[in-house]
Amino acid sequence: EAMQDKRRLEEERLRREQERLEAERRRVAQAEAESKRRAAEMQAQRAKEMEAQRAAKEVEQAKAEQVDRFARQKAEAKAQAKDLMRQALAAVHRAVAADEGGNASNAYKEYASAVTQFSTVLGSNTLPHLHDQLVQRMDGYLLRMSDLEPEVCEGDTPVVPKFKGRVSTLMSMARAAPSYDLVGAGDRIRAQVRLDAKNRDRRAEFRHSCQAADFYMARFKLLKERRAPADAALEEALKEMIATAERAKAVM
């Protein structure tokens, strides 16, 4: 019986030792699994951080490239505007020379060329410090073109086609120089139209009513462009000048 007790005790010790060893094995396995899990998490986090850094670097690089591209485009646009300015000023010199030399048709064409190029410069918005000066000059050139039109654009055999870009040019001028008063200019010419009518000068009445209509039309289109409220007085003046031009043309 003592031997049996001793054997049972030894078996119990062995069983407990095996349980301890199994528990230790499980603990070690769990610790290894946890270590691997944490290592995998750290690796994934590091990969995520590296990806975020790479993405941020790409974004910064794209921004830098965009800034550089915009800078190049701005520089190119400014260079193009300066080149147009040189061309326009050359056209003005030719226009003045032709005008002073009595060559009205060439003067008209060169004034039109200069105004068109100046308008492009205004639209590029690359030389804003020159806007007011350009608008003032363009206003004078357009006025001189109006003076030349009876000689070169009217009559049975017009020498030069009438400049078709007056309204768009006036719109460019008003966009570039907000103080440029299209309605005020139209009103001044409208007053001249009434004087022409009183003097029964139908040709002048036609020409001036067309000019006034151009100013009113430019303002009308700008309001539409800006989605501003309609101007009833402006629309009435525009209709009046168009109707007056049609009546004057019918009896010329």
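Asn-125 sits in the loop that links α2 to α3. Helices here are DSSP runs of H or I with at least four residues, strands are runs of E with at least two, and both are numbered from the N terminus. The phi angle of Asn-125 is near 55 degrees, which is positive although the residue is not glycine. This residue follows α2.

This is a predicted model, in which local features need pLDDT of at least 70 and side-chain atom pairs count only at pLDDT 80 or more, while totals for chains, interfaces and linings use all residues. Residues are numbered from 1 along each chain as its sequence is written, and side-chain values use heavy atoms, with hydrogens and water left out.

Arg-227 lies in the loop between α6 and α7. Its phi is also positive, near 55 degrees, and Arg-227 is not glycine. Is Arg-227 buried or exposed? Arg-227 counts as exposed, because its relative accessibility is 79%. The cut-offs are these: buried is under 20% relative accessible area, exposed is over 50%, and partly exposed is in between (1.4 Å probe, protein chains only).

## Overall layout

The protein has 7 helices and 0 strands. Along the sequence the pattern reads α-α-α-α-α-α-α. The radius of gyration is 42 Å, well over the 18 Å that the globule rule gives for 252 residues, so the protein is more spread out than a compact globule. That radius is taken over C-alpha atoms, and the rule is 2.2 Å times the number of residues to the power 0.38. Along its principal axes, the C-alpha trace spans about 150 × 40 × 30 Å.

Of the 252 residues, 33% count as buried. The accessible surface comes to about 16700 Å², and carbon and sulfur atoms hold 52% of that area. These areas come from the Shrake-Rupley method with a 1.4 Å probe; for residues, only the protein chains shown count as cover. Now take contacts (heavy atoms within 4.5 Å). Among those between residues at least 6 apart in sequence, 67% join residues at least 24 apart.

Helix α2 covers residues 104-124, 21 residues in total. From its first C-alpha to its last it reaches 30 Å, close to the 30 Å expected at 1.5 Å a residue. The expected span is 1.5 Å times one less than the number of residues.

Helix α5 has 17 residues and should span 24 Å at 1.5 Å a residue. Its end C-alpha atoms are 25 Å apart, which agrees. Which residues of α5 are buried? They are Leu-182, Gly-184, Ala-185, Gly-186, Ile-189, Arg-190, Val-193 and Asp-196. Their cover includes α4, α6 and α7. An α-helix has 3.6 residues a turn, so residues three or four places apart point the same way.

## The nonpolar core

A nonpolar core is a set of buried Ala, Val, Leu, Ile, Met, Phe, Trp, Tyr and Cys residues joined through side-chain atoms within 4.5 Å. The largest one here has 52 residues. Those with the most contacts inside it are Tyr-108, Phe-118, Met-145, Leu-170, Met-173, Tyr-180 and Leu-182. At least two core residues come from each of α1 (2-100), α2, α3 (131-152), α4 (166-176), α5 (182-198), α6 (202-225) and α7 (232-250). Helix α2 gives the largest share, 10 residues.

Look at Tyr-180. Leaving out residues up to four places away in sequence, Tyr-180 touches Val-135, Asp-139, Leu-170, Met-173, Ala-174 and Phe-215.

A disulfide is a covalent bond between the sulfur atoms of two cysteines. Here the test is a pair of cysteine sulfur atoms within 2.5 Å. How many disulfides does the structure hold? The structure holds 0. The sulfur of Cys-153 is 12 Å from the closest cysteine sulfur, in Cys-210, which is too far for a bond. Cys-153 is buried, with a relative accessible area of 12%. Cys-210 also counts as buried, at 16% relative accessibility.

## Two single residues

Gln-211 lies in helix α6. Gln-211 is buried, because its relative accessible area is 9%. Gln-211 touches Ser-146 and Ile-189, not counting residues up to four places away in sequence.

Ala-77 belongs to helix α1. At 25% relative accessibility, Ala-77 counts as partly exposed. Ala-77 and Val-121 are 44 residues apart along the chain, and their C-alpha atoms are separated by 9.4 Å.
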